[in-house]
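Thanks for coming. Please look at the sequence and the model on the screen, and I will talk through a cavity and then some strands.

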Amino acid sequence: MSQKMYGIAASSGIAIGKAILLKTPKLMIETKTVEDVSLEMKRLQEAIEKSKADLIVIRDKVQAEMGPEKAAIFSAHLLVLDDPELLDAVNEKMRSERVNAESALNDVSQMYIEMFENMDNEYMKERGADIRDISKRVLHYLLGLEYSSLSNLSEEVILIAEDLTPSDTAQLDRQYVKGFVTDIGGRTSHSAIMARSLEIPAVVGTKSGTEEIQAGTQLILDGINGLILIDPTEDEIVEYQEQKADFELRKAKLAKLVNSPSVTKDGHSVELAANIGRPEDVVAVLENGAQGIGLFRTEFLYMGRDEFPSEEEQFQAYKSVVEQMGDKPVVIRTLDIGGDKQLSYMELPKELNPFLGFRAIRLCLDQQELFRIQLRALLRASAYGNLKIMFPMISTLGELRKAKEILEEEKKELIRKGIAVSKKLEIGIMVEIPATAVMADRFSKEVDFFSIGTNDLVQYTMAADRMNEQVAYLYQPYNPAILRLVQMVIKAAHQEGKWVGMCGEMAGDEIAIPILIGLGLDEFSMSATSILAARSQIGQMAKGDVDSHIDHILSMDTADEVSSYVKTYFLK
């Protein structure tokens, strides 16, 4: 029998082939006292220039093969290498402590990596991975080591590595690399995102893949279920070859749904939208047939820079997105920063519990000029498409009313100046705090829509930090308490003739989808790559069938009961 290893299913598909291990040399960083600091600064700059040359080659290769959206990762890496905040910190450390360039760079980059990785946001955690990738490349040159390349393979393999950086993944040759396995990482890591773009099956976060898998060993990689079979039997190989053929057939069928409506067998229509973080993400949104954008996380316009984005810069970003989407709706969330998501150029208080702290709308209502600049940019962009504004982390009606009052003031001022603003602008809130869900009947009278942010709603309702492994078992989106809150929000909105979306991970979850259809959710917003599978699933169910089970599901005692019930009746 084969040995089984489990990890996180990061990119769907099945691969069968021999293992090749990517072992990168451990960088031995010694701290040395130096006499000539200017010489160290020169060494650092030379290493940076060599790294830039590498990244330009990689960026151009990715742009030619995968398009500008994926190449943007490396354009961002190039910007980091020009970031005066980072470089000034390294140079200052060399000057003040008279240490060698590699020691100073390593210490400063580790500080940034830890800052990003400690944030309660998967996207921001991956900014730490970016800096790790960039600094590793520069350190290789400072230490006189050759930087590893994955572009010289000559046979079909499954790659095993501790981790793959974005530049590693970008150099993978699909002709030879049929899949990869890593010890660390998650579904939102750059390596996973690139794997999905390359359509290479991947399993990440195995913890011990590089230790337990020997080079040359035959493997089966199941990127659908997060499983690796080490040294499989002939029968297992035959079985998975059949599964692989079935998967390719299913993928071809899903591709045909790009321009199809999202409708159940009995004619109930919903809207499938996508979540984005940058204007460049719109390409994947349209390629996957999304009917709108249910969440544009605007905080990423503020990250990775040394000053606030101007009103004009924000306006151009929002305008770009709504114009690309045509008449399709684009829900743009106002700034969700503060607490655990810090800006290096903004002084914010250190907090014992940042998840419950000074962030999002709380910060914006306090720092009103920051808020007003963003609102003006959004209002101006609303004239170019179907833009909707959404306020995050609203917990009281007073917060909502104040935010609307400020928005109205800016709108009147723009109109007075003769600047065009949409006459059909919808205003909504994220429902991510239990108090807001309980008061949904009141909030629904003062908004045009709700979008349920289940990632936070679950952790706040269950009093369980979703990033804490010790209480991860309490992160239960199928818990009847969560489902009842969702039902409460949808009922309250529909009684006022308002629509309800969902922009948390739950919206694209195959177990949650039938329940949400039964509860009457109007819009499902998810990662772009999940849309076609969700559309297919919705097309195979009848809302009438689901409706007859909803009361029973809501009466259950546990999340496990709900999950088992849905699998039995709706995921046959």
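I start with a term. On a 1 Å grid over the protein atoms alone, a cavity is a set of points where a 1.4 Å probe fits but cannot get out, and a lining residue has an atom within 4 Å of a point. Grid points are joined across faces, edges and corners, and a volume is the space filled by probe spheres set on the points. With that, the structure has one cavity of 30 Å³ or more.

Before I go on, this is a predicted model, in which local features need pLDDT of at least 70 and side-chain atom pairs count only at pLDDT 80 or more, while totals for chains, interfaces and linings use all residues. Residues are numbered from 1 along each chain as its sequence is written, and side-chain values use heavy atoms, with hydrogens and water left out.

Back to the largest cavity, which holds about 80 Å³ of space. What kinds of residue make up its lining? The lining has 10 nonpolar residues, two polar and no charged. Here Ala, Val, Leu, Ile, Met, Phe, Trp, Tyr, Cys and Pro count as nonpolar, Asp, Glu, Lys and Arg as charged, and the others, Gly among them, as polar. Leu44, Val80, Ser109 and Ile134 are among the lining residues.

Helices and strands are DSSP runs numbered from the N terminus, helices (H or I) of at least four residues and strands (E) of at least two. Helices H1 (37-66), H2 (68-81), H3 (84-97), H4 (101-117) and H5 (122-142) each supply at least two residues of the lining. H5 gives the most, with four residues.

Now the strands. Two strands pair if DSSP finds at least two bridges between them. Strand E9 (residues 271-276) runs parallel to strand E16 (residues 523-526), with four bridges joining them. Ala273 has Ser525 in E16 as its bridge partner. E9 also pairs with strand E10 (residues 293-297), in the parallel sense, over three bridges. There, Asn275 is partnered by Leu295. From E9 the chain crosses through helix H10 (residues 282-287) to E10, a right-handed β-α-β crossover. Right-handed means that, with the strands pointing away from the viewer, the path from the first strand over the helix to the second runs clockwise.

Strand E12 (residues 386-391) is joined to strand E13 (residues 426-431) by four bridges, and these two run parallel. Ile389 stands opposite Ile427 in E13. The chain goes from E12 through helix H14 (residues 397-416) to E13, and this β-α-β crossover is right-handed.

Notes: 1 Å grid on protein atoms, 1.4 Å probe; cavity = no way out; pocket = protein on both sides within 12 Å on 5 of 7 lines; lining within 4 Å.
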